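The points take individual elements before turning to the whole chain.

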Amino acid sequence: MQDPVSVLSLPPFVSTLIAPLPRLPMETFLTLLTRRLVARRPDLLRRLGTVVHVPIAIVPEDLPHAFLLSLDAIDSRVTLCGKDEIGDAQAVIRAPLLVLLGLLDGTYDGDAMFFSRDLRIEGKTEYVLALRNTLEEADLTPGEFLGLGAPAAGWINDIGSRVLAQARCLASAGAERRDKLSGRHS
């Protein structure tokens, strides 16, 4: 099934550039960051309750890979896989990367993204809601996710916010160009 193209989708060349990159280094890096975050913030696992140990697939529709997230106090793991290799997932979250990042940083409201169809949920919805509520309550920042202290965390948060805002502007402009070329008007 072809993934829908959102106004917030990255240009296709980004996926083309990322596709040949080796998965293992990114998987190792994301797993390490996730384990360090869980070690620093055990409250996240307590808030998740029964969702801990449940594999959840996060599928950025505009990237070539999916992320299979499994949280655990000792062995949290992020596995990069093909979008058709998420069979173990109890729940699946699909959206463009910028939407997924906007949900993490609070730029976007999950309900609004769901009803606009920029965010799709499959499988056990209660698992996705538990994850969403936990992340919302945790109020994580990029600096905290990376394990940085002040002032480096503030600097990374500012830069990350600016980069994401610029990426959203570029994605929106790209969508307008695609619409004009295809004869559609917003």
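1. Helix α6 covers residues 125-138. In this predicted model, the end C-alpha atoms of α6 lie 20 Å apart, which agrees with the 20 Å that its 14 residues should span at 1.5 Å a residue.

2. The buried residues of α6 are Tyr 127, Val 128, Ala 130, Leu 131, Thr 134 and Ala 138. Around the helix axis they cover an arc of only 160°, so they sit on the same side of α6. Glu 136 and Glu 137, on the other side of α6, are exposed.

3. Which elements do the buried residues of α6 pack against? One partner is a helix, α3. The others are the strands β1 (56-60), β2, β4 (91-95) and β5 (120-123).

4. Helix α2 comprises 18 residues, 23-40. From the first C-alpha to the last, α2 reaches 26 Å, close to the 26 Å expected at 1.5 Å a residue. Its buried residues are Glu 27, Leu 30, Thr 31, Leu 33, Thr 34, Leu 37 and Val 38. Because the arc they cover around the axis is only 165°, these residues are on the same side of α2.

5. On the other side of α2, the exposed residues are Leu 24, Pro 25 and Ala 39. The cover over the buried residues of α2 includes the helices α3 (43-48) and α7 (142-145), together with the strands β2 (65-70) and β3 (77-82). Two of these elements, α3 and β2, are also listed among the packing partners of the buried residues of α6.

6. Leaving aside residues up to four places away in sequence, Ser 15 touches Asp 62, Leu 63 and Pro 64.

7. The structure contains one aromatic pair. Its members are Phe 114 and Phe 115, in an edge-to-face arrangement with 5.3 Å from centre to centre and 80° between the planes. Phe 114 is partly exposed, at a relative accessible area of 38%, whereas Phe 115 is exposed, at 66%.

8. For the protein as a whole, the count is eight helices and five strands. The order of elements from the N terminus is α-α-α-β-β-β-β-α-α-β-α-α-α. The radius of gyration is 17 Å, close to the 16 Å that the globule rule gives for 186 residues, so the protein is as compact as a globular protein of that length. The C-alpha trace spans about 50 × 40 × 35 Å along its principal axes.

9. Of the 186 residues, 40% count as buried. Among contacts with a separation of 6 or more, 67% are between residues 24 or more positions apart. The accessible surface of the protein amounts to about 10900 Å², and carbon and sulfur atoms account for 62% of that surface.

Conventions: Residues are numbered from 1 along each chain as its sequence is written. This is a predicted model: local features need pLDDT of at least 70, side-chain atom pairs count only at pLDDT 80 or more; totals for chains, interfaces and linings use all residues. Side-chain values use heavy atoms; hydrogens and water are left out. Helices (H or I, at least four residues) and strands (E, at least two) are DSSP runs, numbered from the N terminus. The expected span of a helix is 1.5 Å times one less than its number of residues. Buried means under 20% relative accessible area, exposed over 50%, partly exposed in between (1.4 Å probe, protein chains only). The arc is that of the directions from the helix axis to the C-beta atoms. Contact means heavy atoms within 4.5 Å. The radius of gyration is taken over C-alpha atoms; the globule rule is 2.2 Å times the number of residues to the power 0.38. Accessible areas come from the Shrake-Rupley method with a 1.4 Å probe; for residues, only the protein chains shown count as cover. Rings of Phe, Tyr and Trp (its six-membered ring) pair if their centres lie within 6.5 Å; planes under 30 degrees apart count as stacked, over 60 as edge-to-face and the rest as tilted.
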